[in-house]
Amino acid sequence: MHRSQIAPSQIPAGTTAASTGKPLVNLRNARTMTIEPSGSPEVVRALGSSTPTALAVGDFDADGAPDLVAGYRTADGGVVTLTRGNPDAFAPTDLSLYHKAAQGQMPSTFMPTATVYAVPESPDFIATGDFDRDGYRDVLVGANGGGLYLYKGRRARKPGRRDPRSAARAGDCAGWNECKG
């Protein structure tokens, strides 16, 4: 039987890695992420009645944990959220976390808050990369109607210090500034 023709019921459930005796793939039931949005109150409110449209991943704060960017269509345009990844879920620095992980107590993949940004149109497409070649990861949002919006990344700042290259509000962890193109 060709590999693409294997029915799900024919895949052995107990396939394990020979060296560890543990499953190669550990599938779990879906879990609900509880994330607290932060940003302007009107954008947070708009998120409450929105429809998800797009997802992308990138490490915007250079901490080694992938961050999640999600796009949502709203009645007045759209919203883009940035949920920072939890570095302890990917490369813990606290040695006690390794012991907890061995007992099945894994840290959450993402931090508990998401920063919200308004977009003039529905964010139907999202791409990440260093589009302006300044060394910082950016987000490019595209709308079906043809609009493109570049959210420029900047150096992650330490608490209490502002990045002089950007006029972003305090609390914007990625330092995105909208540039219509």
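In what order do the elements of the protein chain run from the N terminus on? And, with that order in hand, how is strand β4 placed, and which strands do bridges join to β4?

Reply: This is a predicted model, and in it the elements of the protein chain run, from the N terminus on, β-α-β-β-β-α-α-β-β-β-β-β, which comprises three helices and nine strands.

Within that order, strand β4 covers residues 77-85, and eight of its nine residues are buried, so the strand is largely enclosed by the rest of the structure. Here a residue is called buried when its relative accessible area is under 20%; across the protein chain, buried residues make up 31% of the 181 residues.

As for its partners, β4 is joined by seven bridges to strand β3, residues 67-74, and the two run antiparallel. β3 and β4 form a hairpin, with two residues between them, and within this pair Y72 stands opposite V79 of β4. Strand β5, residues 110-119, is likewise joined to β4 by seven bridges, again in an antiparallel arrangement, and there T81 has V116 of β5 as its bridge partner.

Methods:
Residues numbered from 1 in each chain as written. Predicted model: local features only at pLDDT ≥ 70, side-chain atom pairs only at ≥ 80, totals over all residues. Heavy atoms only, no water. Buried < 20%, exposed > 50% of the residue type's maximum accessible area, 1.4 Å probe, protein only. Helix = DSSP H or I, 4+ residues; strand = E, 2+ residues; numbered from the N terminus. Pairing = 2+ DSSP bridges.
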